[in-house]
Amino acid sequence: MQKLVLTLLLVLITPNAYAADTGGSAPAPAPAATPTPTAKYEVVTPAATPMPSAPTKNLTTDLTAIRSLIASKNFSSALASLKIADRNYPNNADINNLLGYSARNLKQNKAAATYYTKALRINPNHLGALEYQGELFMVTKKISAAKSNLAKLKRLCGVNCEEYLDLKKAIGNN
């Protein structure tokens with residue numbers, strides 16, 4: 001019984017060195033030293049209880065959510081989310097490529113062209129942007145520009161990569 005009382009007493013009076021971070025920028029304090037047990041009584045230090053952390057937003061999670069909007073053909077919501085992502089992660093080729101794709105699917109060809117150009121300025125070898133820009137070129141009757149993108153895709157990833165094959169199919173016999 002004395003052992004239980006002593007343990008409870010220590011739990012109540014020992015400061016919790018494992019308290020959850022409250023969001024401050026200071027490092028967490030070092031754990032308190034464990035008291036040395038005496039010969040007569042065993043001292044038990046409470047174990048830290050893991051605290052669930054709030055889900056963090058980052059580029060990967062944002063793009064995953066946006067890609068699911070695109071997969072469900074919800075291009076308006078995807079475009080709105082991508083514009084926010086573009087502000088949060090400026091100069092990102094993937095975001096600009098998806099902005100172009102969403103805009104193109106909403107028949108906003110001029111905006112799509114701008115986004116693809118920006119994606120390719122950020123990363124001139126972005127396979128997705130080269131494919132989608134080439135598909136936009138076909139819609140806007142710029143066949144030679146689409147063929148130029150196809151040739152660049154062939155140099156970058158060969159004739160068996162998905163982007164090359166998709167653009168080749170879009171160009172067809174033109």
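User: Among contacts in the chain between residues at least 6 apart in sequence, what share joins residues at least 24 apart?

Analyst: The share is 48%. Keep in mind that this is a predicted model.

User: Which elements does the chain have, and in what order do they run?

Analyst: Eight helices and zero strands make up the list. From the N terminus on, the order reads α-α-α-α-α-α-α-α. Of the chain's 174 residues, 29% count as buried.

User: How should I read the confidence? What is the average pLDDT of the chain?

Analyst: The general idea comes first. Where pLDDT is low, predicted coordinates should not be read in detail. Here the chain averages 80, and 68% of the residues score at least 70. Over residues 1-35 the pLDDT is below 50. That stretch has 17 contacts in the model beyond near neighbours in sequence.

User: Let's turn to helix 4. How does its span compare with what 1.5 Å a residue should give?

Analyst: Helix 4 covers residues 93-105, 13 residues in all.

User: How many residues of helix 4 are buried?

Analyst: Eleven of the 13 are buried, so helix 4 is largely enclosed by the rest of the structure. The buried set includes N96, N97, Y101 and R104.

User: Which helices do the buried residues of helix 4 pack against?

Analyst: They pack against helix 2 (59-71), helix 3 (75-88), helix 5 (109-122) and helix 6 (127-139).

User: What should I look for at the two ends of helix 4?

Analyst: At the start, look at N92. One of its side-chain oxygens reaches to within 2.9 Å of the backbone nitrogen of D94. Just after the helix, look at K107. Its phi is positive, about 65°.

User: How do I read a positive phi, and where else should I look?

Analyst: Most residues other than glycine have a negative phi. N91 has a positive value, near 60°. N91 sits in the loop between helix 3 and helix 4. At 52% relative accessible area, N91 is exposed. K141 also has a positive phi, about 60°, although it is not a glycine. K141 belongs to the loop between helix 6 and helix 7. Its relative accessible area is 69%, so K141 counts as exposed.

User: How do I find the sides of a helix? Which residues of helix 5 are buried?

Analyst: An α-helix has 3.6 residues a turn, so residues three or four places apart point the same way. In helix 5, the buried residues are A112, Y115, Y116, A119 and L120. They cover an arc of only 130° around the axis, which puts them on the same side of helix 5. The face turned away from that side carries the exposed residues K110 and R121.

User: What does the buried side of helix 5 pack against, and how far does the helix reach?

Analyst: The buried residues pack against helix 3, helix 4 and helix 6. Helix 5 has 14 residues and reaches 20 Å from first C-alpha to last. That is close to the 20 Å expected at 1.5 Å a residue.

User: How are aromatic pairs described, and how many does a search of the whole structure find?

Analyst: A pair of aromatic rings is described by the distance of the centres and the angle of the planes. The search finds three pairs. One of them is F75 with Y101, an edge-to-face pair at 6.0 Å centre to centre and 65° between the planes. F75 lies in helix 3 and Y101 in helix 4, so the pair ties together parts that are 26 residues apart in sequence. F75 is buried, with a relative accessible area of 10%.

User: How are the planes of Y116 and Y132 arranged?

Analyst: This pair is tilted, with 6.4 Å between centres and 45° between the planes. Y116 lies in helix 5 and Y132 in helix 6, so the pair ties together parts that are 16 residues apart in sequence. Both tyrosines are buried.

User: Which residues do the ring pairs link into a cluster?

Analyst: The cluster holds F75, Y101, Y116 and Y132.

User: One last residue. Is N149 buried or exposed?

Analyst: N149 is in helix 7 (residues 143-157). Its relative accessibility is 8%, so N149 counts as buried. Leaving out residues up to four places away in sequence, N149 touches L130, Q133, G134, F137 and L167.

Note on methods. Residues are numbered from 1 along each chain as its sequence is written. Side-chain values use heavy atoms; hydrogens and water are left out. Helices (H or I, at least four residues) and strands (E, at least two) are DSSP runs, numbered from the N terminus. The expected span of a helix is 1.5 Å times one less than its number of residues. Buried means under 20% relative accessible area, exposed over 50%, partly exposed in between (1.4 Å probe, protein chains only). Contact means heavy atoms within 4.5 Å. A polar contact is a pair of N or O atoms within 3.5 Å; within protein, one must be able to donate a hydrogen and the other to accept it, and residues adjacent in sequence count only if both atoms are side-chain atoms. The arc is that of the directions from the helix axis to the C-beta atoms. Rings of Phe, Tyr and Trp (its six-membered ring) pair if their centres lie within 6.5 Å; planes under 30 degrees apart count as stacked, over 60 as edge-to-face and the rest as tilted. pLDDT is the predictor's confidence in each residue, from 0 to 100.
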